[in-house]
Amino acid sequence: MSADATSPHAMPPPLGCRTHSYDDVQAEAHPEGGPTGAPPTLIGSVQRAMRLLEAVASHEEGAPAKQLAREAGLALPTAYHLLRTLAHEGYLRKEKGLFVLGAAAERLSGSATQQNRRGMITDALQHWRDAIGVPVYFSVYREGEIEVVAVADTPGNPAVAEWADFRETGHAHAIGQCLLAQLDDESRRDHLDRYPAHSITPYTVRDDRSLLRRLNELGRMQPVVERQEYALGTVCAAFPITVGSTAATMAVSLPSHQAGRLLPAARQLQNEVGKLVRTLAFSISI
């Protein structure tokens, strides 16, 4: 029989481990609440650490531990312990006795900003999708690649299925052609060296020379129209967006039997984007 835990001969826990209290066991067994429907178990140390982070974030130039402890409503020893831990994990750093946000916290902030921007773009695309009644696309050319950032469609008006990699077939769809048209000659030829033009439908531009000639003939801010070059039974129109120095485009697509609606829909979207692009602050750095 093992020694009783309360006896003087009880074995101590292994180094680096600790004994678990009843509350610990309950928190692990019922993370969303107690076994009888009690409120969710909250971890006090996490709450205190978050209060300290908020306090630090409110001081652009940083603040000393005593001030942060007072603002977070914490005892100074507790604040010191949490501040050291947060600094060790990279969420804070100490400069000349003042605590400021560290790289890890800045990454979190950057991710939140990025999510907000993506959400804003998605909301805008969904608004235009409903207002115009067509699928709407937002794409950028970044680091030598075509990237479709967001798409808004409905079951009744579905987006074009990516049956061939959009990045590798930029010569065939309106989005890619519009982005390539915005590049300088060197960047455009670099792209075509990696992804040369070739036929993927009977209507696709057949070679780089033909594609370059078409791109050079495009007028500034003129929509690029593609009819069944990427996907049979589908037509698409894309127009450039001028925000910063990065090539960007918005596009619409329709079944080929509705081709008569394509340019009016693209023009309507282009006008709406022109009115709101600054307000929406489309961030190409997204």
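Here are some questions and answers about this predicted model.

Residues are numbered from 1 along each chain as its sequence is written. Local features need pLDDT of at least 70 and side-chain atom pairs count only at pLDDT 80 or more, while totals for chains, interfaces and linings use all residues, and side-chain values use heavy atoms, with hydrogens and water left out.

Q: How many helices and strands does the chain have?
A: Both kinds of element are DSSP runs numbered from the N terminus, with helices being H or I of at least four residues and strands E of at least two. On that basis, the chain has nine helices and seven strands.

Q: What share of the residues of the chain count as buried?
A: Buried means under 20% relative accessible area, exposed means over 50%, and partly exposed is in between, using a 1.4 Å probe and protein chains only. The chain has 286 residues, and the buried share is 37%.

Q: In what order do the five strands of the open sheet come?
A: Two strands pair if DSSP finds at least two bridges between them. The pairing here is antiparallel. β4 and β5 (224-227) each have a single partner strand, so one side of each is left without a neighbour in the sheet. The order is β4-β3-β7-β6-β5.

Q: At what angle does α6 run to β6?
A: α6 lies across β3 (136-142), β4, β5, β6 and β7 (248-255). Axes are lines fitted to C-alpha atoms, for helices over the stretch in contact, and angles run from 0 to 180 degrees between N-to-C directions. For α6 and β6 the angle is about 25 degrees.

Q: Is Thr 169 buried or exposed?
A: Thr 169 is in the loop between β4 (145-152) and α6 (174-181). Leaving aside neighbours within four places in sequence, Thr 169 is in contact (heavy atoms within 4.5 Å) with Ala 164, Ile 200 and Tyr 230. With a relative accessible area of 4%, Thr 169 is buried.

Q: Which word describes α2 relative to α3, oblique or perpendicular?
A: Helix α2 (residues 44-57) and helix α3 (residues 65-72) pack at about 120 degrees, with axes 9 Å apart. Angles under 35 degrees count as roughly parallel, over 145 as roughly antiparallel, 65 to 115 as roughly perpendicular, and the rest as oblique. That makes α2 oblique to α3.

Q: Which residues in α3 do Arg 51, Leu 52, Ala 55 and Val 56 in α2 meet?
A: By class, this contact of α2 with α3 has six nonpolar, no polar and two charged residues. Nonpolar covers Ala, Val, Leu, Ile, Met, Phe, Trp, Tyr, Cys and Pro, charged covers Asp, Glu, Lys and Arg, and the others, Gly among them, are polar. The α3 residues are Leu 68, Ala 69, Glu 71 and Ala 72.

Q: How are α3 and α4 oriented to each other, perpendicular or parallel?
A: The axes of α3 and helix α4 (residues 76-88) come within 9 Å and cross at roughly 110 degrees. Therefore α3 and α4 are roughly perpendicular.

Q: Which residue in the turn between β1 and β2 has a positive phi?
A: Strand β1 (residues 92-95) runs antiparallel to strand β2 (residues 98-101), with four bridges joining them. They form a hairpin with two residues between them, and the one with a positive phi of about 55 degrees is Lys 96.
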